[in-house]
Amino acid sequence: MKRTIITSVLLAIVVILAGCSGGSAPDAGAGEPIKIIAAHNQTSTENPYHDGLLKFKEVAEEESDGRITVEVHAGTIGTAESELVEKLVIGAADVVLVSQGFMTQTGIPEFDFFALPYLFDSYEHWERVVDGPVGADIAEMVNEKSNNDFKMLGYWSAGARHYYGKKPLEEMSDLNGMTIRTQASGVVADFWQQTGAIPTSVAWGELYQALQQNVVDASENAYPYFVQQNHHTTRNGQYITETAHDYTTRFLLANGERFDKYPEDIQQILLEASEASVEAEREALMAQEEEYKEIALEAGAEVNQIDTQPFKEIAAPIQDGLAEELDMEETLEEVRSLE
């Protein structure tokens, strides 16, 4: 019931803002360059998101011979994804980056599919899915279900998420009774509960203290994100076990209605810029994962491996259940066939 209310309120806000905007795409033949506002919610420019949008800017401006200008924002027009999506709808932003967690709240529950633990078993598997027919079908579905409010320009990654906590995991039973900061509801929480852990909500900005002061026993995230926050130096964050339970997906979106109003050659340039941004962001992410793992090791953190098969056995029926709920059984089978 609570989720339904949140969804309804958010959709109402979007509808009201869209009705007030009356925005439309600039006329490329009027002599003025088309200005594109591209934004992510991270305040640091030292992250793969920013690298990706800078590549988008570079290609769009060069290929258009100045007919397009791109202004890249790093958290300066919104640090919450809800702000970015609202700005996308009303025309205050043209290209934004968002996660599946927020997009599910906009009334498209199929985004939850990408939150399933162990849906992908490697980066290569993830790329085969998002860059192939499955990714194309989901992009089309998102466009249709949003009534062209959202046009998928590309799939980005936020890294492979791993466990880190007060002790290393040698086997899954080591999680019994441990509090772990993660999503406190939905398929992610269900998964961690079944491993024996206790999912707990802690704001990202408060997690360093929560780990240091023994408020939570553990957390999970990708190397660039938790190492940048020095979580690996806390009393409950120095033991990293590479569970790789989630190869995360992020979505580069445009407003489809405005995009369709651009001349065809401008549309093509923006698609080329999007493709280049996807490649640049993924390359930056992979480089940072290695870099920040080394930083953690040099700071005294310990990293170990674990047999992930027991985790995958827990995840499989959770995947089946959500796929059935979303009427995405065929999609799940296709994902599995690409392993």
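The following legends describe close-up views of a predicted model. Local features need pLDDT of at least 70 and side-chain atom pairs count only at pLDDT 80 or more, while totals for chains, interfaces and linings use all residues. Residues are numbered from 1 along each chain as its sequence is written, and side-chain values use heavy atoms, with hydrogens and water left out.

**View 1. An open sheet of five strands with mixed pairing.** The strand order is β2-β1-β3-β10-β4. Helices (H or I, at least four residues) and strands (E, at least two) are DSSP runs, numbered from the N terminus. Two strands pair if DSSP finds at least two bridges between them. Because β2 (68-74) and β4 (151-156) each have a single partner strand, they stand at the edges, and one side of each is left without a neighbour in the sheet. On average, neighbouring strands of this sheet are turned by 25 degrees against each other, direction ignored. Axes here are lines fitted to C-alpha atoms, for helices over the stretch in contact, and angles run from 0 to 180 degrees between N-to-C directions.

**View 2. Strand β10 and its pairing with β3 and β4.** Strands of a sheet pair through backbone hydrogen bonds, either parallel or antiparallel. β3 (residues 95-99) and β10 (residues 250-254) pair in the antiparallel sense over five bridges. In this pairing, V98 stands opposite F251, and V95 stands opposite A254. β4 and β10 also pair in the antiparallel sense over five bridges, with M152 opposite L253.

**View 3. The two covered faces of β10.** Since five of the five residues of β10 are buried, the strand is largely enclosed by the rest of the structure.

**View 4. Helix α2 across the sheet strands.** Helix α2 (residues 48-63) lies across β1 (34-40), β2, β3, β4 and β10. The helix runs at about 170 degrees to β2.

**View 5. The crossing of helices α12 and α13.** The axes of α12 (residues 309-325) and α13 (residues 329-337) come within 8 Å and cross at roughly 140 degrees. A316, Q319, D320, A323 and E324 in α12 meet E329, L332 and R336 in α13, where contact means heavy atoms within 4.5 Å.

Notes:
Buried < 20%, exposed > 50% of the residue type's maximum accessible area, 1.4 Å probe, protein only.
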